[in-house]
Protein chains: 2
Amino acid sequence: MDPLPQDNGFHIRRTALVGVGLIGGSLGKALISGGVADEVVGLFRREETMKTALAHGLVHSGTMSVEDAVRDAEVVILATGVESIPELGRSVIPFVCKNALLTDVGSVKGAIVREISSFLADRPDVLFAGSHPLYGSHLQGPAAGASLVPAGRLAVVTPASGRSNADAAALEAEKLWRSIGMRTIRLSPAEHDRLLAFSSHLPHVVAAALARTLPAEADMLASSGFLDTTRIAAGSPRLWSEIMRQNSAGVADALQRLIGDLACFRESLLLQDWDTVAALLESAAAAQARVRERAPRKD
Amino acid sequence: MDPLPQDNGFHIRRTALVGVGLIGGSLGKALISGGVADEVVGLFRREETMKTALAHGLVHSGTMSVEDAVRDAEVVILATGVESIPELGRSVIPFVCKNALLTDVGSVKGAIVREISSFLADRPDVLFAGSHPLYGSHLQGPAAGASLVPAGRLAVVTPASGRSNADAAALEAEKLWRSIGMRTIRLSPAEHDRLLAFSSHLPHVVAAALARTLPAEADMLASSGFLDTTRIAAGSPRLWSEIMRQNSAGVADALQRLIGDLACFRESLLLQDWDTVAALLESAAAAQARVRERAPRKD
C-alpha cells in the first residue's frame with residue numbers, strides 16, 4: 001500500500017462518469033473540487049438524477065447520450081452497480097478515444113475484467129484496468145454521494161493481464177485514484193475476488209444468516225451487538241445477489257472455511273473442552289484487534 | 001414487554017451492590033440519582049475501585065467486608081461477571097436479611113438461578129429472582145458505568161421456580177428495575193438462555209469466527225462492514241468463555257441452525273441457483289429490518 005499522495009500532477013481535461021449514483025457522484029465531486037478534471041460529464045438514464053447531480057455540483061454537465069458523454073473524454077469511469085458494468089462497457093467502447101483510460105468501480109473484478117477485455121479485443125489503443133474503490137455508505141444515489149469523500153480510502157487496481165498495455169493502463173488508473181487522495185494497491189482480478197470474499201462478501205452472508213436465524217420471539221432481546229453484527233444484511237438484496245453470482249466460487253470457498261471453524265467451535269462446546277473454547281475466543285479477539293489496526297477505515 | 005414506567009413508588013432504604021464495575025456502577029448511579037435508594041453500599045475487592053466509585057457518586061459508601069455490605073440491606077444485587085456470581089451469592093447468603101430481595105445481573109440464567117436456589121434451600125425467607133439487565137458497553141469498570149444509563153433498556157427477570165415465593169420475588173425484582181426506568185419482561189431461566197443464545201451468544205461466536213477466518217493479507221481490504229460485523233469479537237475472552245460454558249447447550253443448538261443456513265446458502269452458490277440466493281438475501285434484509293424495529297435499543 002502506498003503512502004498518501006501529495007499532488008501528483010495528474011490532470012484530466014475531460015472525464016466521463018458513466019453512471020452518477022453514490023460512488024460516481026462522490027468521484028465527480030472529488031475530481032471537480034480537487035481541480036483534477038477541467039470538465040466532468042455525467043451519463044444519466046433519468047432527468048431527475050441529472051438535476052440532482054447538477055444541483056450538488058457532482059458533474060459540470062449531463063447527457064443521456066452515450067456518444068456525447070464518452071466522446072473526447074480522456075478518462076471514462078464505469079460507475080454503476082456490478083450487474084450493469086459489463087454491458088455499459090460494451091456500449092461505450094465504440095466511442096472511447098484512442099489512448100483514453102477506461103476503468104470501473106465494481107466490487108467484483110474477475111468477470112468484469114474478463115468481459116470488458118473481450119469487448120476490447122480490437123481496441124488495443126484503449127488503456128483498460130479494473131478498479132475497486134473501497135468505500136461506500138448504506139445510503140444510495142448522487143445526493144448521498146455529495147457528502148462521501150474518497151480521500152484517505154483505498155482503491156484496488158486490477159490489471160487486464162491479457163492486454164499488451166495492461167501495465168501502462170494500471171499505472172494510469174493508479175494515478176487517477178491518487179489524484180483524489182486515495183491510496184492504491186494492485187492485485188490480479190482473481191486475487192482481488194479471493195480476498196474480498198473473506199473481507200466483504202462473507203461478512204454479508206454471515207450477517208444475513210444471523211438475521212434469518214433469530215427466532216421472532218427473541219427480537220426484543222436483540223442487543224446492540226446483534227444489531228452491529230447484522231447491520232450489513234440490510235443492504236440491497238439485488239446488488240448483493242449479483243455480487244454473489246459474480247464471485248460464487250470465492251464466496252463458497254470462504255464459506256467452507258467459516259463453516260469448518262464454526263463446527264469446530266460447536267464440537268468444543270459439546271465436548272465441554274473449555275480450553276479450546278477460550279483459545280478460539282482469544283485468537284479471535286487478537287485477530288479483530290489486528291484488522292482494526294490495519295484496516296484503512298477505522299471507526 | 002411493559003410500557004415505560006412512571007414513578008412506581010418503589011423505595012429502598014439500603015441497597016448492597018456486590019461488585020461495582022460497569023453494570024454495578026451504572027445501577028448505583030441510577031438508584032442514587034433517581035432517589036430510589038437512601039443508601040447504596042458497595043462491596044469491593046480493591047481500594048482503587050472503591051475510590052473511583054466514590055468519586056463518581058456510584059455508591060454512598062464502600063466496604064471490603066461481605067457482612068458489612070449486606071447486613072441490613074433490603075435489596076442485594078450481585079453485579080459481577082457470570083463466573084463469580086454463584087460463589088458470591090453463596091458468600092452473602094448468611095448475612096441477607098429476612099424478606100430482602102436478592103438478585104443478580106448475569107447474562108446467563110439457568111446455572112446461576114439453579115445454584116443460588118440450592119444455596120438458599122434453608123432460607124425460604126429470602127426473596128430471590130434472577131435478572132439480566134440488557135445493556136452494556138465495550139468499556140469496563142465503574143468509571144465507564146458512571147455514564148451508562150439503564151433507563152429505557154430492558155431487564156429480563158427469571159423466577160426461581162422451585163421456591164415457594166418465586167412469584168413474589170420476581171414481582172419485587174421487576175419493581176426494582178422499573179424504579180430506575182427500565183422495561184421488564186419475565187422468562188423462565190431456560191427460555192432466557194435459549195433465546196439469548198440466538199440474540200447475543202451466537203453473534204459473538206460468529207463475529208469471532210469471521211475475525212479468525214480473514215487471511216492476514218486481506219486485512220487492509222477490510223471494509224467498515226467487516227469491522228461492524230466483527231466488532232463484538234473484541235470482547236473479553238475470559239467473560240465470553242464463561243458465558244459459553246454456562247450456556248453451551250443453547251449455543252450449540254443455535255450454532256447448528258446457523259451452520260445449516262450457511263450450508264444451504266453455499267449449496268445454492270455451487271448449484272448456481274440464483275433465485276434461492278436472492279430469496280435468502282431478501283428474507284435476511286426483511287428480518288434485519290424487523291429486529292431493528294423491535295429491538296429495545298435502536299442505533
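A: Let's start with a term: a salt bridge is a side-chain nitrogen of Lys or Arg within 4 Å of a carboxyl oxygen of Asp or Glu. By that rule, 10 salt bridges cross the interface of chain A and chain B. One of them joins the side chains of B:E217 and A:R194, at 2.8 Å from N to O.

Before going on, a word on the source: this is a predicted model, in which local features need pLDDT of at least 70 and side-chain atom pairs count only at pLDDT 80 or more, while totals for chains, interfaces and linings use all residues. Residues are numbered from 1 along each chain as its sequence is written, chains are lettered from A and ligands numbered from 1 in the order in which they are written, and side-chain values use heavy atoms, without hydrogens and water.

Now the symmetry. With copies superposed by least squares on C-alpha atoms of residues with pLDDT of at least 70 in both, a rotation of 180° with 0.0 Å of shift along its axis brings chain A onto chain B (RMSD 0.1 Å). The two copies are therefore related as by a two-fold rotation axis. In chain A, A:T229 has the C-alpha nearest that axis, 2.1 Å away.

As for contact (heavy atoms within 4.5 Å), 84 residues of chain A touch 83 residues of chain B. The buried area (accessible area, 1.4 Å probe, lost by two parts on being put together, summed over both) is about 7,900 Å², with 70% from carbon and sulfur atoms. On the chain A side, A:R212, A:M220 and A:L221 lose the most area to chain B, together 10% of what that side buries.
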